[in-house]
Amino acid sequence: MSRLALGTAALGNLYTGITDEQAYATVAAAWRHGIRAFDTAPHYGLGLSERRLGAALREHPRTAYTVSTKVGRRLEPADGTGDDLGHGFAVPATHRRVWDFTADGIRRTLDASLERLGLDRVDTVYLHDPDDHAEQAFREGYPALERLRAEGVVGAIGAGMNQTAMLTRFVRDTDVDVVLCAGRYTLLDQSALTGLLPAARERGTAVVLGGPFNSGLLADPGPAATYDYRRAPADLLARALRLKALAEQHGTTLRAAALAFCAAHPAVTAVLVGARSAAEVDDCAEQLRTPVPAAFWQELRDTGLLPAAAPVPGEDRP
């Protein structure tokens, strides 16, 4: 898996629409920068993200990249009109999402994803946001993924969520290969530091960190910035602006610091960034290469903006 991975919710017209050509250019830019890991889900644009990602990757050898998708939201045809903006995607409401972590639902959802992607297998499958379906996810969904892994239909299995408690339970109580933790280990939120990440290190479970910018606030803090897909609270906006000012004082950028921080933890195998254009991919790749001075990290610790236990680039941690 490449150190930087591309999240493709935007390819499913997250918030606003993009063209097929823009979607292709986004994936092409990722490839140009050496990104070989791509993440998608049926949820993203009612399957549009999977279709666009599969089309964009078709020109590359299958062994040259990895694809992850998700199960738990099964798509069913809908007779309704209108759009899907209520779920965040600017697409026609041709289908509806049905929460389904049953063994049959898992297989049906994955089969549909493979058809949209144009693939005969995926490298990783995550149980997607099972927050309110824990019993079914652990009792039926997870064993179904184990069987798919044993059959060779998928290479690795795991769970992807915006919280740490249940992900930690997956790491400790099951044989997942990887977990995708979104937004819970960033410059603004280190809640994964005390439970999930140590457990993953102990068990040898890979961790993919999504949401390194907390859905926008750490990319460009301002009055309209979002945090966890909602308007950023005033206290977090003030904190982000302070982080940005300190980064600039040290000759770097907040975006570079945000990516470097996520990548520095030894349990983290990849940082998953979302992009809706080639320009955004170009910027993420450039920011990951941008140096962040050691003095910046030290000032964050000295001022209480970062806990001492959080690893930073250049440190050797056991």
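The lining of the largest pocket comprises 17 nonpolar, 16 polar and 11 charged residues. In this count Ala, Val, Leu, Ile, Met, Phe, Trp, Tyr, Cys and Pro are nonpolar, Asp, Glu, Lys and Arg are charged, and the others, Gly among them, are polar. The model is predicted: local features need pLDDT of at least 70, side-chain atom pairs count only at pLDDT 80 or more, and totals for chains, interfaces and linings use all residues. Residues are numbered from 1 along each chain as its sequence is written, and side-chain values use heavy atoms, with hydrogens and water left out.

**Stop 1**

Select Ala9, Leu14, Tyr15, Ser215 and Tyr229, which are the closest to the pocket centre of the 44 lining residues. The volume of this pocket is about 1400 Å³. (On a 1 Å grid over the protein atoms alone, a pocket is an open set of points where a 1.4 Å probe fits, with protein on both sides within 12 Å along at least five of seven lines; lining residues have an atom within 4 Å of a point. The volume is the space filled by probe spheres set on the points.)

**Stop 2: Trp31 and Tyr65**

Next, display Trp31 and Tyr65, whose ring centres are 6.2 Å apart with planes at 70°, so the pair is edge-to-face. (Rings of Phe, Tyr and Trp, its six-membered ring, pair if their centres lie within 6.5 Å; planes under 30 degrees apart are stacked, over 60 edge-to-face and the rest tilted.) Trp31 counts as buried at 15% relative accessibility, and Tyr65 counts as buried at 6%.

**Stop 3: Phe138 and Phe170**

Move to Phe138 and Phe170, both of which are buried. Their ring centres are 4.1 Å apart and their planes at 20°, so the pair is stacked. The charged end of Arg169 sits over the ring of Phe138, 3.7 Å from its centre.

**Stop 4: the cysteines**

Finally, select Cys262, which counts as buried at 0% relative accessibility. Its sulfur is 9.5 Å from the closest cysteine sulfur, in Cys181, too far for a bond. A search of the whole structure finds 0 disulfides, a disulfide being a pair of cysteine sulfur atoms within 2.5 Å.

Definitions and conventions:
Buried < 20%, exposed > 50% of the residue type's maximum accessible area, 1.4 Å probe, protein only. Lys NZ or Arg CZ within 6 Å of the ring centre and 35° of its normal.
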